[in-house]
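My notes follow the order in which I checked things.

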Amino acid sequence: LEQVRRLGREISEKFPVIHGLLNNAGTFSGDYKRGRQVTAEGYEYGFAVNVLAPFLLTSLLLENVRASGAGRILITSSLSAGSNDALSDLQCERKYSDHRAYELSKLCDAMIAMELHARYGDPP
């Protein structure tokens, strides 16, 4: 996630006003190796790429988007969003499958979009 922090700093400095931010991260099956993969920071790979990285980038750029006055943040999810029974196991440590990890990550993306809307509403 340090790469995301660095990217956030660079974008924030270069673009003090951002009119739109599109989060469309998506990986399936980790880095296409079999089984559960973990990042250097210890996060399940798909969760880190699909959820944590876009959430962090959005957090780092939120003030830049809000500076627009009408900025929009779009977060893609998937029809595959699901596995709500796994919300107590976000890292899929107890029960892992490629599909379960992907479904959970896309459910989290949808939940983040809903929370951002609840907090900030529609732009003018």
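These entries cover conventions, the helix, the salt bridges, the cysteines and a surface patch.

**Conventions.** I am working with a predicted model, where local features need pLDDT of at least 70, side-chain atom pairs count only at pLDDT 80 or more, and totals for chains, interfaces and linings use all residues. Residues are numbered from 1 along each chain as its sequence is written, and side-chain values use heavy atoms, with hydrogens and water left out.

**Helix α3.** I took helices (H or I, at least four residues) and strands (E, at least two) as DSSP runs, numbered from the N terminus. α3 has 23 residues and spans 33 Å from first C-alpha to last, close to the expected 33 Å (1.5 Å times one less than the number of residues). I then listed its buried residues, among them Tyr 102, Leu 104, Leu 107, Ile 112 and Leu 116. Buried means under 20% relative accessible area, exposed over 50%, partly exposed in between (1.4 Å probe, protein chains only). Their cover includes α2 (45-66) and β2, contact being heavy atoms within 4.5 Å. Gly 121 follows α3 with a positive phi near 65 degrees.

**Salt bridges.** How many salt bridges does the structure hold? I found four, each a side-chain nitrogen of Lys or Arg within 4 Å of a carboxyl oxygen of Asp or Glu. Asp 85 pairs with Arg 100 at 3.2 Å, N to O. Asp 85 sits in the loop between β2 and α3 and Arg 100 in α3, so this pair ties together parts 15 residues apart in sequence. Arg 100 is buried at 11% relative accessibility.

Asp 109 meets Lys 106 at 3.1 Å; both are buried. They are three residues apart in α3, about one helical turn. Arg 119 and Glu 115 come to 2.8 Å. Arg 119 is exposed at 58%, while Glu 115 is partly exposed at 39%.

**Cysteines.** I counted zero disulfides, with the cut-off for a sulfur pair at within 2.5 Å. The sulfur of Cys 108 is 9.1 Å from that of Cys 92, its closest, which is too far for a bond. Cys 108 is buried at 10%, and Cys 92 at 1%. Cys 92 lies in the loop between β2 and α3. Its phi is positive, about 50 degrees, although Cys 92 is not a glycine.

**Surface patch.** Leu 87, Leu 90 and Met 111 form a nonpolar surface patch with about 230 Å² of accessible area together (Shrake-Rupley, 1.4 Å probe, only the protein chains shown as cover). Patch residues have over 30% relative accessible area and no salt bridge; like charges are joined within 9 Å, nonpolar side chains (Val, Leu, Ile, Met, Phe, Trp, Tyr) within 5 Å. Leu 90 is partly exposed at 33%.
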